[in-house]
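Please open the model in the viewer and keep the selection panel at hand.

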Amino acid sequence: MSPLSLLSFLACTGPGATDDTAACAVPDAVGWSEASHAKGDADYDQVFALDRVQRLDLTICASDYAAMLDDLDTLLGDMGGPGDGGPPDGGGGPPEGGGPSMDFDEPMWVSATVAYDGRTWPAVGMRFKGNSSLLSSYQEGIAKLPLRLDFDQYEDSVPATEDQRFYGFQKLSLGPGYADDSFLREVLAGELFEAAGIPVARSAFVEVWIDAGEGPTYWGLYTVVEDPENAAFLDRTFGDDDGNLYQPEDGCADWTCFAEADFSKETNADAADWSDVEAAIEALAADQGDAEAWRAALEARFDVEGFLRWLALSTAVGNWDSYGNMPHNYFLYGDPAADGQLAWITWDHNMSLADGMQPLISLDLGDVGDEWPLIRTLLDDPTYAARYDVLLAEHQGVVNVEAFAARAQTLHALVAPYVAAEAAPYTHLTDPDAFDTSVDDLVDWMETRDALVSDHLAR
């Protein structure tokens, strides 16, 4: 049996869940081992293999699934969501008067048992996740919703699961391919960023089957994504996991101001200390009368080189759902090996490598205003502007269009049978032809972007 060939959620008690059937009891772990269940080295080859599509079978109690959907109704309003396994008659759509804003609370957790290749992991946390992907899917009556797993979510109430891991990983995200007819953008963009030496999560493909009380149902092809909150990610990327990790979102996440609430602290939260972020924002906004001194003070607080490296590749390939357009989809890590200097971690690329709901920022960044000070302030400095162009040129070697096309074709062939098996309401694909032509579209996009980079550098 291939890795992750059988992953099933069998039991579900927890906040919002019911305890009214034996099926909802929390079982003991089966097949426990140090490598599979304990807090140890992460097995990337097993969990993030890209030579096959791995299967996830998820079973949750019907009462828990109903509670999760009721919770979404509370959070998002009565928008014609998937209901009991599918959309209501007539499909989805926002209620009269419009729907809610993107500012809604985190969906509820339920407990589940994960079974894989003869082993089980009890009391694993599962919830819906996402912002636009969750809201839009629910509005449209699409039942293929994004998911998040936390393998020690319930360690306080189920002591046997303290520090429980899935082959070294505590948290995993499951992306449903929202706004991506190719299903490949998360993986392809991630490979480009990693090749350029930019901190980025690993990802792979999984077919997801969910039993919510009426037998296994194919929820479609998902992308399983490593969560930067995993100690495994921080250890792999920075060599330690002791620093402060933040996930900025909205408000001051644009760096025009500082507010603790806009820089969610994901590690060392008990310390309640945001002084590193506040100092970096202040250093960016400091007087530049002595440009050399200003750069030195800023670089002591923030990895400017790493940010410019990300900015050059992100702008070159067209990663519109990110800083410069939207104040989200990045993490910050105070790297202890660099005296707490904040490093930039890119995140969430399913809407990259394409036009989007926001105009792409120009390659010369001249259209980026003061509302995005990390870009505008840095690029107004001649030293940093010159470095940005150098990094653009370097990334042309990373983004080899011929190699990109071959990789996209390989992955397309890999996932095609699993995309073809999708059916409403468990699909985001409205036109099968869009998937069939998606590789040509991706390659055309990259050829166009490469030509634009060449024109920019030739000026």
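**A covered strand and its partners**

Select residues 203-211, strand S7, which is mostly covered: of its nine residues, eight are buried. Buried means under 20% relative accessible area, exposed over 50%, and partly exposed in between, with a 1.4 Å probe and protein chains only. Helices (H or I, at least four residues) and strands (E, at least two) are DSSP runs, numbered from the N terminus.

The model is predicted: local features need pLDDT of at least 70, side-chain atom pairs count only at pLDDT 80 or more, and totals for chains, interfaces and linings use all residues. Residues are numbered from 1 along each chain as its sequence is written, and side-chain values use heavy atoms, with hydrogens and water left out.

Two strands pair if DSSP finds at least two bridges between them. Which residue of S7 is the bridge partner of Leu56? That partner is Val208.

Next select strand S8, residues 217-226; S7 and S8 run antiparallel and are joined by eight bridges. Val208 has Gly220 as its bridge partner in S8. Five residues lie between S7 and S8 in their hairpin, and Gly213 in the turn has a positive phi of about 120 degrees.

**The open sheet**

Now display the four strands that form an open sheet in the order S10-S9-S11-S12, with antiparallel pairing. At its edges are S10 (263-265) and S12 (341-346), each of which pairs on one side only. On average, neighbouring strands of this sheet are turned by 30 degrees against each other, direction ignored. Axes are lines fitted to C-alpha atoms, for helices over the stretch in contact, and angles run from 0 to 180 degrees between N-to-C directions.

Focus on S9, residues 245-248, which pairs with S10 in the antiparallel sense over three bridges. Here Pro248 stands opposite Phe263 in S10. Then select helix H7, residues 275-285, which packs on the sheet and touches S9, S10 and S12; contact means heavy atoms within 4.5 Å. The direction of H7 makes about 90 degrees with that of S12.

**The disulfide**

Finally, select Cys252 and Cys257, which are joined by a disulfide with an S to S distance of 2.0 Å. A disulfide is a pair of cysteine sulfur atoms within 2.5 Å, and by this rule the count comes to one. The torsion about the S-S bond of Cys252 and Cys257 is about -110 degrees, so the disulfide is left-handed. Cys252 counts as buried because its relative accessibility is 6%, whereas Cys257, at 29%, counts as partly exposed.
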